[in-house]
Amino acid sequence: MTPGLEVSGGETMLFWVLAPLMVLAALGLLFVRRAVHAAMCLVFVMISLAIMYVAQEAPFLGVVQVVVYTGAVMMLFLFVLMLVGVDASDSLTETIKGQRWIGVLLGLGFAVVLTGVVAQATFQSPVGLESANAVTNPVALARVLFGDYVLAMEAVGVLLVTAATGALVLTHRRQLTTRRTQRTTADARVRALTEGVSLTPLPAPGVYAQNNAMDTPALDPAGRPVPESVPRVLRIRGQERSVTALLDAEAAIVGTDTSGDAVGPPAGLPAGQDPDSTPTLPAREA
Amino acid sequence: MFPWLTALIAWPLVAAAVTAASGRSRSGAPSPRLVALVGALVEVGLLVAAFVQFDTSRAAEHQLGQTVPWIPQIGASYAVGVDGVGLLLVALSVGLVPLVILAAWREQGGDTLRLRRYLVLILVLEAFMVAVFSARDVFLFYVLFEAMLIPAYFMIGAFGQGPQRRYAAVKFLIFSLTGGLVMLAAVIALYFQVPVDAQGQRSDQAFLTENLTGLGLDPTVERLIFLGFFLAFAIKAPLFPVHTWLPDVAENAPVGTSTLLICVLDKVGTFGMLTLCLPLFPGASQWAAPVIVVLAVISVIYGAVMAIGQDDLLRLIGYTSVSHFGFIILGIFTFVPLGVAGSGFMMLNHGLATGALFLVAGFLIARHPARSQLIADYGGLRTVTPVLAGAFLVAGLATLSLPGLATFASEIMVLIGAYGGSPVAALVAIVGVVLAAVYVLLTYQRIFTGAPAAGLETLPDLTGRERLVAAPLVVALLVLGLVPQLALTYVDAPADQSVVAVLENEGSEQ
Amino acid sequence: MEITNYAVLACILFAIGATTVLLRRNAIVVFMGVELMLNATNLAFVTFARVHGDVTGQVLAFFVMVVAAAEVVVGLAIIVTIFRTRRSASVDDVNLLKG
Amino acid sequence: MENVIGLAPWLVGFPLLGAAVLLLGGRATDRWGHWLGVAASTAAAVTGFVLLFAMISTPAEERVVDHHLWTWLSAGGLDVDLGVRLDPLSMTFVMLVTFVGTLIHVYSVAYMAHDPHRRRFFAYLNLFVAAMLTLVLADSYLLLFVGWEGVGLASYLLIGFWDHKRPNAVAAKKAFVMNRVGDMGLIAAMALIFANVGSVQFADVLPAAAGELSGVGASTATWTAVALCLLLAACGKSAQFPLQAWLGDAMAGPTPVSALIHAATMVTAGVYLMVRSAPILEAAPTAQLVVVCVGAVTLIFGAVVGCAKDDIKKALAASTMSQIGYMMLAAGLGPVGYGFAIFHLLTHGFFKAGLFLGAGSVMHGMDDEVDMRRFGGLSRFLPVTWITMGLGWLAILGVFPFSGFWSKDGIIETAFVPVDGQPWRAWLFGSVALVGAAITAFYMSRLFFMTFGGQRRWDDDHHPHESPALMTVPMIILAIGSVALGGLLAVGGTFTTWLEPVTGHAEHGEPVIPFWPLVILTHVLVIGAALLAFRQYAVSRVPVTAPRGSLLTRAARRDLFQDATNETLVMLPGQVLTRSLVYGDKAVVDGGWLGLGATVTQVGEKVRGMQNGYARSYAAMILTGVLVIAGVAGIAAAVSQ
């Protein structure tokens, strides 16, 4: 090892523990199906990086890394994912001819070449930041930042403001049509009646003695489950629970025969709903 | 000293701006065409003043100009100034523009807005043309050389009357750009041939032509750079076999555009050969002269034969220009003072003669019920429209270089001069004289003689406005024919200088 | 351990990020790949700041972070806008550049 | 002389001014325009007379005067003055052109009285005269060329005067183009002269050719080339073989035009050029021989064609061709010949103008009928025309003592003089001239007898009548000239002496046949031929439709296949060339460029496939680039270590 700087044993251990995990997590970006999972992998990589920064005598950056990246950027990612990607499950099948092989080859080749070049290069002996950080790392950074790079600093500030404004402008939707008032909505519903759309709101999910959740369908007066009562997202994901399973579970707990002499409306029918007036609606997509 | 040329360059731009702002909805505002015409006439006034200021006893020197640093880092300056030849070509540009505007008075379907745009483009082009003929800085010359394409492109593609105007515009643009870009490479290469001073810097006026003259280039380098320049000029000129854009443009562009484009703008090609190729690359010019002379002679004969075989009147005129440009190039590259002076003079005369021919042909076509350009659709118009026929005949006779008209003096100078440099080429080129008679008179015969064609028996004769367009050109052709010395005093000294540059180089090499 | 190991790690992370951009179709994941690449360069910056004993490298990493933040804001806004009109977050569905 | 030389430019100026006023004045000048034309021509003629008397009163050695007007062209070593050279030769032409020209002007006032475009006609006539005067007064080849082409232009305009009939326009174009072919020769000659002498002024060139200037000059070969080029030019303008084909068609113009072209202007220009360039010819003996040959061939050619034509104007045209052939022949014979060439030109100008005006008068009386087979017996109806044409006929036959005798016999005699001691040339060209005279006598008599003799062959709807005085007076004046001019000028060699300042003095050589026997022989032949014609066309019946005739007759009717030859040798190949070049320009030249463009486009199409619009593909390309650069950098670093 060169004389200037000795990497401590603790740091070495830290590196060898974190580095493989980071690579694995990064590879997760490539292989997991769900975007949310990919985001979590990335969060892991970023936090590990923050730790490494701290270990590499850059405590300020480490903190900023956590705050900005994991705190702000990745949260932004998750918000957007919630906005757009809930039901957009990402298929991993390739559509561009040959892109997968090209990608893999390029990635590997890139890794090999870069690593090769970096590993081959002879660097000067590491100096370490002991002297530079003598006034503590944030102060040292601040001196450079507000000294040599003050102009760039200003520019970056402007950039941030611009970016924020830009994001606002980009996502802003102009009111192209007349404003939808309660009245227009009501009128539209009445008009849509002929197309078989319900005048009333969709039925709420079922309420059962044992189970009162979004994923359970309500039952109509005839005791048949109403699938529309379950939120669309859950239906698409296949996360709704079947009524039969529910009733069986309830029966198991109550210990009564459900298939026997039940005369009245089954338990769990929402109160105040007239069984006869509830039509069986066709599935509504929108 | 008042910078006359800068004024001449700037004024059309001002006029263009005013024209663009005129005639907007307010009923009291002057019509754009009137504004444009007045602007162009004021420019003519400026030109007259410039002529008065020009000292003919120093015609070989650049005058009336100024030099201002432009991009000193690369040695480019805004340097303008004209010698006699440049002044004549500036005069040609400035003189033709009002006529073209007047000729376009009722063109573009009488649509004021459309016409306004057209006139603005004409004035902008005028500024560029004046500038390019007065540029004394190679870089500035190049920039203007390319900038001229922009208005010209729109003047063909957006305002043309032919069915293939867009095709023609694109073809023109691509041909010109190809040449221009090769020239750019040559310009850059030339810059690096300028010697550096002790600090490794080049002069911040490195691109001035006088700083590029007599560099004593390595022959191979010189030849390559020369070819770069020459290709651009040959395409512009146009020389066989890179002439094919010209007939398409002539056929499809409005006649006013063709007039400015072929009669003035294309002169940049021959002007460049004369004022850049010869002084800057004397050795290479001599090296390439045999091939160029052969191409020029081919152009002369080929253009004439092609003109004979055309059915489309405007296309025919386009090919006649190919023939005439052949003469001009022949005169330049035989390196005889007489021939070079003839070429310089011919650049002016060709503009007058072909301009007249184009404009009169435009009047003719505008009269046809279907605006047909096909010669076969006409006939017997001499009895119907005698003045039009007369104007066409005079323009045609000028095209065939009838003695007594200016074109004759220049053509005979080129031929006699070229004989001194290359007898065989001159003798072959003389055949072009006969062919010129054939294409002009054949066309006149087909359009104006015989019994009037069906549907054309009652065409109106030239109106006062149209006579006003044709008259100055005819008068200029006659006056310069009787007293060619009026123009030759401007041409003689620069021509001599160019030839001396080439011959001195030859002397120093031996 | 040699300090260049950090650099090697940065290279590997960068390559993985690049591969992500090439292979994934979900625009958000592609974006994550970009972020990964930026992070990898930051690691390299920090490492070399240590090698040279000069905090300027860290300052640059800081700038990268700021710019990345700005970029993410705009980039995600674009993704949202595109999603609104196209109902898709796949980068392959946006091929207006096709020649 | 010096005090009146300033008038010389006005010789050109008057008619030019007249033409300008008439052309620019438009319809406003319709009413008096023709009289302005006559006035302009008359003014020129009067000026000519003034100058003539001034010249006569000047000693012979001072008769060559150069008058400088202004510097016309001065560039690159070529200095050409716009100036006038007045000497006996140009003076002769000035008088011929202005005097005969004026008579034709006067004649035209009546002849064209019913044409709505008479003003335009007079403008062109004035232009014609102005151009011809420019030609003969020029003091340099370049200025001569201006007049030379100006004559071509004027003839173009006049031949095509009635161009609402397409054939007339075609004939006009043919004349101009064939003239241009000749003009090529003049341009080439000027180029050669300038390259060798450094000037095109007569004052420099002619002494140089004569070898009078030390240091300036050229080899015999060069002068031969110059002379041949000049001959080409002369052939074009003077309708000499092989550029004679336009002359017959030129009859499409109104008859006064034909008179002007054939008598006073245009066709005589070639002879003028030859005589003017005499020193050059003499410096090139080979060229002289060629000139003689061309003259001889044309002489016979025209005569043969003349025998077969039934169109009165075309017969006269053929006769002109033949007569100009005589002049060319003479011009090739050296100093003595020049005098006779010009002399014959002068007398020919009078009698040919008279003949043409007479023919015009006949047509005028016969409702523009030109077919001689439909004339006959007209002498009773057109007595003045009959008499004046009869005098002209006798003159052209060369019968003693009419004008033609003095000039033509001179040529025949000169042709019989051996050159350079080569008797074969004397015998050959002498006999050709002699035979030509006989044929001339035959066809001119044929023309005369078919028109005025024999029985009437015209229909009843023709009412032949004598022309008005405006037409007959010029004819009478010309007839007087035809009778007397030759004798007046020939007595004591007046005319030859007159020309000596230009042509130089030369002693007559001895002809191989002595003078008097030759005159008698000529007369026997001429009168014999005339009697033959009399028997055939006045005594016996002339069929109204032309008989099929012998092979030679049929060939002669078709101008000895001159048009067919031109069409086969020049026009057809030209058309094929034009068509193939037009096709080739589109297919090969433009096609080549378009093909190049298409290739680029196709390559672009292929490359365009890479632009699939997928951002990921682009990213892959970027990465590839980075990889390549990084790889190269890495390898380079590894190698350099």
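Biologist: How are the axes of two helices, and the angle between them, defined here?
Modeller: Each axis is a line fitted to C-alpha atoms, for helices over the stretch in contact. The angle is taken between N-to-C directions. Its range is 0 to 180 degrees.

Biologist: At what angle do helix α3 and helix α19 of chain D pack?
Modeller: This is a predicted model. In chain D, α3 covers residues 88–111 and α19 covers residues 469–490. Their axes are 7 Å apart, and the angle between them is about 155 degrees.

Biologist: Which class do the residues of the contact of α3(D) with α19(D) belong to: nonpolar, polar or charged?
Modeller: On the α3(D) side the residues include L103(D), I104(D) and V106(D), and they meet residues of α19(D), among them L470(D), M471(D) and P474(D). The contact has no polar and no charged residues. Its twelve residues are nonpolar.

Biologist: How far apart do the C-alpha centres of domain 1 and domain 2 of chain D lie?
Modeller: Domain 1 of chain D spans 292–554, and domain 2 spans 558–609. The distance between their C-alpha centres is 50 Å.

Biologist: Of the four pairs of chains in contact, which share the most contacts?
Modeller: One pair brings together 72 residues of chain A and 60 residues of chain C. On the chain A side of that contact, 56 residues are nonpolar, 13 polar and three charged. The pair with the most contacts is chains A and C.

Biologist: How far apart are the nearest C-alpha atoms of chain A and chain B?
Modeller: Chain B has no contact with chain C either, and their closest C-alpha atoms are 20 Å apart. Chains A and B do not touch, and for them the nearest C-alpha distance is 27 Å.

Biologist: Which helix gives the largest share of the side of chain B that touches chain D?
Modeller: The contact takes 48 residues from chain B and 42 from chain D. Elements giving two or more residues to the chain B side include α13 (282–308), α15 (337–367) and α19 (423–448). The largest share, eleven residues, comes from α19(B).

Conventions:
Residues are numbered from 1 along each chain as its sequence is written. Chains are lettered from A and ligands numbered from 1 in the order in which they are written. This is a predicted model: local features need pLDDT of at least 70, side-chain atom pairs count only at pLDDT 80 or more; totals for chains, interfaces and linings use all residues. Helices (H or I, at least four residues) and strands (E, at least two) are DSSP runs, numbered from the N terminus. Two residues are in contact if their C-beta atoms, placed from the backbone, lie within 7 Å. Ala, Val, Leu, Ile, Met, Phe, Trp, Tyr, Cys and Pro count as nonpolar, Asp, Glu, Lys and Arg as charged, and the others, Gly among them, as polar. Domain bounds come from an automatic or database domain assignment.
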